[in-house]
Amino acid sequence: MLKKMALCLLLCVSAVYAKQLHFVFISNGLDVDPFWNVIKNGINDAAKEVGARVDYRNSPTGDRTEMARILQAATSQRPDGIILSIPDKDALSKDIKRALELKIPVINVNSGVEAGKELGVRNYIGSNEYEGGLLLGKRAKEAGVKSFVCVNQEITNTVLEQRCKGFADGLGVKNNMIDSSSDPSEIQKRLTPHLDKVDAVVTLGPVSAGATIDLFRTKRIKKHFVTFDLSPEIIAGIKDGILLAAIDQQPYLQGYLPVILLSKYVPYGLMPDGDINTGPALVTKDNVDLVDKFAGKYR
């Protein structure tokens with residue numbers, strides 16, 4: 001009798017673990033931002049490898065209230081795990097706490113490492129945004145730069161401000177950030193009046209970088225120009241000498257790793273202790289060929 005009960009228990013446990021795992025990935029990515037396509041590639045590859053179902057959800061415009069609603073809906077589904085960026089602690093804290101209270105494993109990616117820790121999220125996978133800006137700022141100071149403007153295409157994302165702040169601190173000047181919106185023509189319009197007043201331009205992603213590259217190329221503008229993240233346009237800008245450098249945070253890993261980790265944590269309780277830094281890594285003309293063929297897909 002005991003043997004039959006033990007066998008039944010074993011089979012029941014095996015059946016639970018044999019079911020397809022379901023994770024929800026919630027991002028603050030704008031639909032117009034190609035950066036998040038690389039993260040999706042990582043998600044899709046990992047999901048195929050472990051046989052999991054991963055739903056990617058976002059607000060097309062980056063609206064924080066809508067992002068909170070998406071998190072609420074995901075939590076009500078009781079998935080096996082939630083992966084999310086935290087661009088705004090105030091907008092998301094209540095619902096993150098709710099997910100944790102329901103014992104849903106949560107992994108924080110891409111943004112919000114400090115906020116995640118305060119809320120009780122165990123793991124962060126992403127880059128140190130401030131350190132990336134600091135690295136670029138120190139290099140700019142060595143090059144003789146005295147002033148700069150930081151072009152922020154998503155002003156409500158507090159993490160992007162850390163990039164600008166890091167650059168300002170590395171340069172040793174006050175932060176100078178403008179709200180550019182995510183519309184390419186609007187970015188060019190708002191940036192142009194600042195170009196005669198500064199030595200350097202910093203952009204914070206492919207959307208603002210692409211518009212600025214087009215502006216510099218068309219107007220033949222020469223400035224100390226650096227950016228964050230990679231795209232085919234950014235790679236071309238570095239090769240053409242329009243851009244001096246870009247900070248790569250390896251977004252593919254931000255999509256791939258949390259799915260892999262949760263696929264081991266849910267059935268076996270296995271999880272690395274601490275954060276996983278996917279960046280910052282510096283890309284310049286000296287090493288751009290190494291990442292060129294992978295830009296937009298893996299880098």
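Modeller: Happy to! Let's start with threonine 212, which sits in helix α9 (residues 206–219); helices here are DSSP runs of H or I with at least four residues, strands are E runs of at least two, and both are numbered from the N terminus. This is a predicted model, where local features need pLDDT of at least 70 and side-chain atom pairs count only at pLDDT 80 or more, while totals for chains, interfaces and linings use all residues. Residues are numbered from 1 along each chain as its sequence is written, and side-chain values use heavy atoms, without hydrogens or water.

Threonine 212 is buried because its relative accessible area is 1% (buried is under 20%, exposed over 50%, and partly exposed in between, with a 1.4 Å probe and protein chains only). Apart from its neighbours within four places in sequence, threonine 212 touches Ile187, Leu191, Val201, Thr203 and Phe225, where a contact means heavy atoms within 4.5 Å.

Beyond four places in sequence, isoleucine 43 is in contact with Phe25, Val54, Tyr56, Gly255 and Tyr256.

The crossing of α2 past α11 is right-handed, that is, the near helix is turned clockwise from the far one by less than a right angle. Among the residues that meet are Ile43, Ala46 and Ala47 of α2 and Tyr252, Gly255 and Tyr256 of α11. That contact comprises 12 nonpolar, five polar and two charged residues, with Ala, Val, Leu, Ile, Met, Phe, Trp, Tyr, Cys and Pro taken as nonpolar, Asp, Glu, Lys and Arg as charged, and the others, Gly among them, as polar.

Another pair to look at is helix α6 (residues 129–142) with helix α7 (residues 158–171), whose axes lie 6 Å apart at about 30°. They too are therefore roughly parallel, and α6 passes α7 in a right-handed crossing. Their contact includes Tyr130, Gly133 and Gly137 from α6 and Arg163, Gly166 and Gly170 from α7. By class, it has seven nonpolar, five polar and six charged residues.

Finally, some backbone details in the loops. Most residues other than glycine have a negative phi, and most peptide bonds are trans. Arginine 78, a non-glycine residue, has a positive phi near 55°; it lies in the loop between α3 (64–76) and β3 (81–84) and is exposed, with a relative accessible area of 52%. Lysine 103 also has a positive phi, about 65°, in the loop between α4 (89–101) and β4 (106–109), and it counts as exposed at 72%. The peptide bond from glycine 279 to proline 280 is cis, with omega near 10°, and proline 280 is in the loop between β11 (276–279) and β12 (281–284).

Terms used
Axes are lines fitted to C-alpha atoms, for helices over the stretch in contact, and angles run from 0 to 180 degrees between N-to-C directions. Angles under 35 degrees count as roughly parallel, over 145 as roughly antiparallel, 65 to 115 as roughly perpendicular and the rest as oblique.
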